[in-house]
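Here are a few notes for a colleague who is meeting this structure for the first time.

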Amino acid sequence: VSWRSLTELAAPDGKVVLEEEDTITVYAPVSSDAYFMDFDLLLRARDQEVRFGKFFVGGLSIRMPWDQAQPRQTHLNSEGLRGRAGEQKRALWCTVERPFKVSSAKAERRPGSPAEEILGFAIFDHPRNAHHPSGWRVDEQGLINPNVSMLEDWVIPARKERLFRYRILVYRGPAQAEMLRRQYEAFVSATR
């Protein structure tokens with residue numbers, strides 16, 4: 001399944017200065033424990049250049065449900081950094097995962113199953129993206145964000161565009177670095 005959306009961003013005078021065209025593709029599950037989504041973000045400047053300032057967060061983000069009383073999310077990135085150690089660090093990919101209670105109906109269908117299971121997301125940053133590998137926002141509330149504005153200000157010249165490509169892996173079970181490395185390489189090979 002795939003869809004495309006177009007958002008026009010206007011200046012205070014109402015003039016459209018930037019278009020954001022998002023294409024999202026959801027693939028059939030590769031197993032009962034994983035499926036992929038591709039997210040392409042195309043930014044198109046209209047009749048004037050558009051400047052983006054250096055900032056610690058911005059762009060595609062995923063956040064797990066957050067339990068303030070009992071935060072249980074964990075992170076892993078391609079450099080082997082876990083948790084908040086990955087904050088604002090450059091990496092090819094990053095994950096966020098946490099345990100969730102198994103529904104009683106599911107537990108009845110699968111006797112002996114654990115009371116909780118780990119569910120997670122990984123975002124893969126494409127090598128053609130600006131500032132690759134991206135710096136990542138990784139927070140204590142379960143957010144991951146490949147942040148293209150972390151390093152410096154950047155510009156899209158008038159009537160030019162910039163494409164950012166990401167693959168999102170939705171998975172069950174704890175993140176395995178070697179499996180994620182292979183999935184990242186498959187994403188890069190398929191989208192050269």
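**Notes on a predicted model**

1. Setting aside the neighbours within four places in sequence, Asn129 is in contact with Leu163, Phe164, Arg165 and Tyr166. Please keep in mind throughout that this is a predicted model.

2. Asn129 itself lies in the loop that runs between β8 (116–125) and β9 (135–138). Its side chain reaches the backbone nitrogen of Arg165 at 2.8 Å, and because its relative accessibility is 3%, where under 20% is the cut-off, Asn129 counts as buried.

3. Which strands make up the open sheet, and in what order? There are 3 of them, arranged as β5-β10-β9 with antiparallel pairing. β5 (62–63) and β9 stand at the edges with a single partner strand each, so one side of each is left without a neighbour in the sheet.

4. A separate point concerns the largest pocket, which holds about 190 Å³ of space. It is lined by 16 residues, of which Leu43, Phe52, Gly59, Val148 and Trp154 are the closest to its centre. The elements that contribute two or more residues to this lining are β2 (16–26), β3 (34–45) and β12 (161–172). Sorted by class, the lining of the largest pocket has 11 nonpolar, 4 polar and 1 charged residues.

Note on methods
Residues are numbered from 1 along each chain as its sequence is written. This is a predicted model: local features need pLDDT of at least 70, side-chain atom pairs count only at pLDDT 80 or more; totals for chains, interfaces and linings use all residues. Side-chain values use heavy atoms; hydrogens and water are left out. On a 1 Å grid over the protein atoms alone, a cavity is a set of points where a 1.4 Å probe fits but cannot get out, and a pocket is an open set with protein on both sides within 12 Å along at least five of seven lines; lining residues have an atom within 4 Å of a point. Grid points are joined across faces, edges and corners, and a volume is the space filled by probe spheres set on the points. Helices (H or I, at least four residues) and strands (E, at least two) are DSSP runs, numbered from the N terminus. Ala, Val, Leu, Ile, Met, Phe, Trp, Tyr, Cys and Pro count as nonpolar, Asp, Glu, Lys and Arg as charged, and the others, Gly among them, as polar. Buried means under 20% relative accessible area, exposed over 50%, partly exposed in between (1.4 Å probe, protein chains only). A polar contact is a pair of N or O atoms within 3.5 Å; within protein, one must be able to donate a hydrogen and the other to accept it, and residues adjacent in sequence count only if both atoms are side-chain atoms. Contact means heavy atoms within 4.5 Å. Two strands pair if DSSP finds at least two bridges between them.
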